[in-house]
Structures are given as C-alpha cells and as structure tokens.
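Please look over the structure below before reading the report that follows.

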Amino acid sequence: MKFAILLSGCGVFDGAEIHESTMTMLAIVKNGGSYDIFAPDVTQHHVINHLNGEEMDEKRNVLIEAARIARGNIQPLTDYRAEDYDALILPGGFGVAKNLSTYAFEGPGFKVDKVVEEALRKTYELKKPIGALCISPVLLAGVFKNLNLTIGNDQSTANDIEKLGCIHIESGKGEIVVDNANRIVTNPCYMLDSTIADIYDGAANVVNAIMDMVNN
C-alpha cells in the first residue's frame, strides 16, 4: 500500500513536527506499506529558534526544510497525483497552521494554501483516505464540512472545528477518530501531553485504520 505524506517544513514551532513525521513513516513501513513525501515549494511564514522560542531574522523554504526530514527524498506538492496513492497523511506541527494555512494568525476564518487545498480535494474526490495528526484536522475542517475529527480535548481548537462546520470528538493519547463515511482518520498526537511512544501508537493506529479502509 502506497502512502503520500505531506510535510509543512521541519520543526514543531515553524514546520512539521519531526516525531509525528518519522513515526508516521515507521508505522507505514512496519505495516508493509511504502511512502513518498511532499511539501509545498513556498517560503515559510517565519523561522523560530527552537532552543529559545524566539523568531529569527531569516527566511527558509518549506520544501527545502522538509527535505531534512525526508533525507532529501522529497517532491514539491505540485507533483502530487492522488491517483498514484492509496492514501494521504498529514503530520502536525505549527507549520500546518503557519505554512499550509493561516490558522495560527486568523483563527477559524483562515485560508488554506491553494496547492494544499487542491491536493486534499482531489484525494477526497477519488475517495482515497486522508489521515491527519495533531493540529492537521483543523486544516481538513477548513476545506471540508461535516467531518468527524479530533484534536484531543483542547476546547478552543475544538470550538473552531465546530465553527467551521465539522464535528469534534474528544480523544486520548493514541486514540483515533474514524470517519468511515468521509474516509478520514484523525489522532491528537502532541495536542495532548504525549510521549514519543504515544506518538507512535497514534500514528500506527491511523495507518492501520487507513489500511483497513482501503482493503475493505
């Protein structure tokens, strides 16, 4: 089974969450699947010093930064063809809310990057499953309506998901919410006080549920 993984940079505060990204890759391979990695070729919103949390006076590119996680084996999102894959998975990290969308700055009135939205819509139209970890379910709520989603139990974010026309379901560490009708699987990951073992459990549960969807 072949997965596409969509990254939003490199690093929790300004890009893709590295543990969630790598645990997703591991879960796919341990379950007999394979993956390709994609990221939009755009300038990231800003650069955060992950040691002290301060903004840095420099610019970086989302695709180039995501290539760090992918060990260079990555493609621009414009090359993504949903018909070539069985499913699409989005790890979390603030890059989802800063680079793939403007949610971090505009709340529920946010905009989604056009290339990202196109990739999501095409995947959905072809009835290919979509997995979303951590904050990524908010991105799905910005594109689609009437989805069952989870980001754990953060009430403010859950309220935003509801305002966007989707249904939020509370979940715990490693737990997933499966929306069979829309072929969506979500897990809260580091939206909760999780360990890296919890992150793997959540990613593996998402991957397994997606595989079940495809096979059934």
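## A buried serine

Ser136 is buried, its relative accessible area being 0%, where buried stands for under 20% relative accessible area and exposed for over 50%, with partly exposed in between (1.4 Å probe, protein chains only). This residue is found in helix H6, helices being DSSP runs of H or I with at least four residues and strands runs of E with at least two, numbered from the N terminus. Leaving aside residues up to four places away in sequence, Ser136 touches Leu90, Pro91, Gly92 and Val96, a contact being heavy atoms within 4.5 Å.

## Basis of the values

The model is predicted, so that local features need pLDDT of at least 70 and side-chain atom pairs count only at pLDDT 80 or more, while totals for chains, interfaces and linings use all residues. Residues are numbered from 1 along each chain as its sequence is written, and side-chain values use heavy atoms, with hydrogens and water left out.

Val116, Ala119, Leu120 and Thr123 are the buried residues of H5. They lie on the same side of H5, because they cover an arc of only 95° around the axis, taken from the directions from the helix axis to the C-beta atoms. These buried residues pack against strand S1 (2-6), strand S6 (87-90), strand S7 (130-133) and helix H6 (136-141), whereas the face turned away from the buried side carries the exposed residues Lys114, Glu118 and Glu125.

## The ends of helix H5

At the start of H5, a side-chain oxygen of Asp113 comes to within 3.0 Å of the backbone nitrogen of Val115. After H5 comes Lys127, with a positive phi near 60°.

Terms used: A polar contact is a pair of N or O atoms within 3.5 Å; within protein, one must be able to donate a hydrogen and the other to accept it, and residues adjacent in sequence count only if both atoms are side-chain atoms.
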